Amino acid sequence: MISKLVIVPAPRAISHHAEVARILGIDIITGQYPEGAKLPGDAELIRLFGVSRPVLREGVKTLVAKGLLSTKAKVGTVVRDRAAWNMFDTDVLAWHLEGRIDSSLLFDLGEIRLAVEPRSAALAALQRNNAHIAQMRSSIEQMRRERSSSAGFAEGDLRLHIAIAEASNNLFMRSMGGVIQAALRASFLISAPVSERERDITIEAHVRIVDAIKNRNPEAASAEMANVIVNGIKRLQDSVATPQGKRRTVGGLNGVRKRVQRMDQT
């Protein structure tokens with residue numbers, strides 16, 4: 001089976017196992033090799049990729065470590081169920097975005113953000129220093145300079161959320177900020193505000209997050225962050241439907257937001 005997304009010219013050999021892992025990873029994510037499918041044997045893959053057996057095996061070992069493949073004696077190399085894939089792995093996320101930006105993935109991302117980022121903002125309000133606030137203000141100014149539909153606006157938005165994760169002084173939240181930034185960038189680009197009024201409202205909502213963090217008000221920081229994320233999900237709902245043709249209701253996400261706020265009050 002040859003990838004429909006990546007064409008490997010026959011005369012040009014791939015010299016690095018990471019490229020083999022990337023191409024196979026994208027093929028798996030896009031369904032060229034569906035869950036439960038058995039990959040072709042080593043000889044066929046070596047011929048398709050034009051690589052040595054050790055390079056091929058290193059590429060396959062990479063995918064095994066990321067949860068995409070399993071290898072068993074007398075069975076071969078098999079694609080694992082999607083539930084086993086390590087979705088916090090930077091390569092796996094990047095391959096999802098490179099191969100197919102699935103609306104369901106973006107909604108799932110919104111939900112995990114809603115579960116984590118309000119708490120991150122609350123911690124930032126307690127832990128921040130002046131350098132953190134300066135970085136956040138710089139990100140806001142970048143958003144003000146850019147059109148809402150531009151990559152620059154999304155980059156400024158991303159920088160702000162990463163700065164808040166850094167200011168939380170929580171190693172896990174800081175690591176999560178780095179892991180999901182590629183997916184956040186795609187989500188921001190798709191759900192960016194389209195009108196000038198929406199753009200201004202969005203920027204001011206982010207300003208309120210930073211103000212709450214600067215004023216060391218964790219409850220307000222958490223609530224304002226939840227509001228920003230929910231509004232972003234609303235814009236995403238207006239842009240795309242889930243693969244089954246259904247839209248996820250924001251009402252359910254509002255319920256999550258209320259639970260987050262109650263947690264911060266305890």
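1. The chain exposes about 13,400 Å², of which carbon and sulfur atoms supply 52% (Shrake-Rupley method with a 1.4 Å probe). This is a predicted model, in which local features need pLDDT of at least 70 and side-chain atom pairs count only at pLDDT 80 or more, while totals for chains, interfaces and linings use all residues. Residues are numbered from 1 along each chain as its sequence is written, and side-chain values use heavy atoms, with hydrogens and water left out.

2. The chain holds 12 helices and 2 strands (DSSP runs of H or I with at least four residues, and of E with at least two, numbered from the N terminus). Their order along the sequence is α-α-α-β-β-α-α-α-α-α-α-α-α-α.

3. Of the 266 residues, 47% count as buried (under 20% relative accessible area). Among contacts between residues at least 6 apart in sequence, 71% join residues at least 24 apart; a contact means heavy atoms within 4.5 Å.

4. Helix H7 (residues 151–167) packs with H10 at an angle of about 20 degrees, the axes being 12 Å apart (lines fitted to C-alpha atoms over the stretch in contact, with angles from 0 to 180 degrees between N-to-C directions). H7 is therefore roughly parallel to H10 (angles under 35 degrees). The crossing is left-handed, that is, the near helix is turned anticlockwise from the far one by less than a right angle.

5. H7 contributes Phe153, Asp157, Leu160, His161 and Ile164 to this contact, and H10 contributes Arg199, Thr202, Ile203, His206, Ile209, Val210 and Ile213. These residues of H7 and H10 divide into 7 nonpolar, 3 polar and 2 charged (Ala, Val, Leu, Ile, Met, Phe, Trp, Tyr, Cys and Pro are nonpolar; Asp, Glu, Lys and Arg are charged; the others, Gly among them, are polar).

6. Thr202 lies in helix H10 (residues 196–214). Thr202 has a relative accessible area of 8% and is therefore buried. Leaving aside residues up to four places away in sequence, Thr202 touches Phe153, Pro193 and Arg235.

7. The axes of helix H5 (residues 103–127) and H7 come within 7 Å and cross at roughly 60 degrees.

8. In H5, Arg113, Glu117, Ser120, Ala121, Leu123, Ala124 and Gln127 meet His161, Ile164, Ala165 and Ala167 of H7. The residues of the contact of H5 with H7 comprise 6 nonpolar, 3 polar and 2 charged.

Notes. Buried means under 20% relative accessible area, exposed over 50%, partly exposed in between (1.4 Å probe, protein chains only). Angles under 35 degrees count as roughly parallel, over 145 as roughly antiparallel, 65 to 115 as roughly perpendicular and the rest as oblique.
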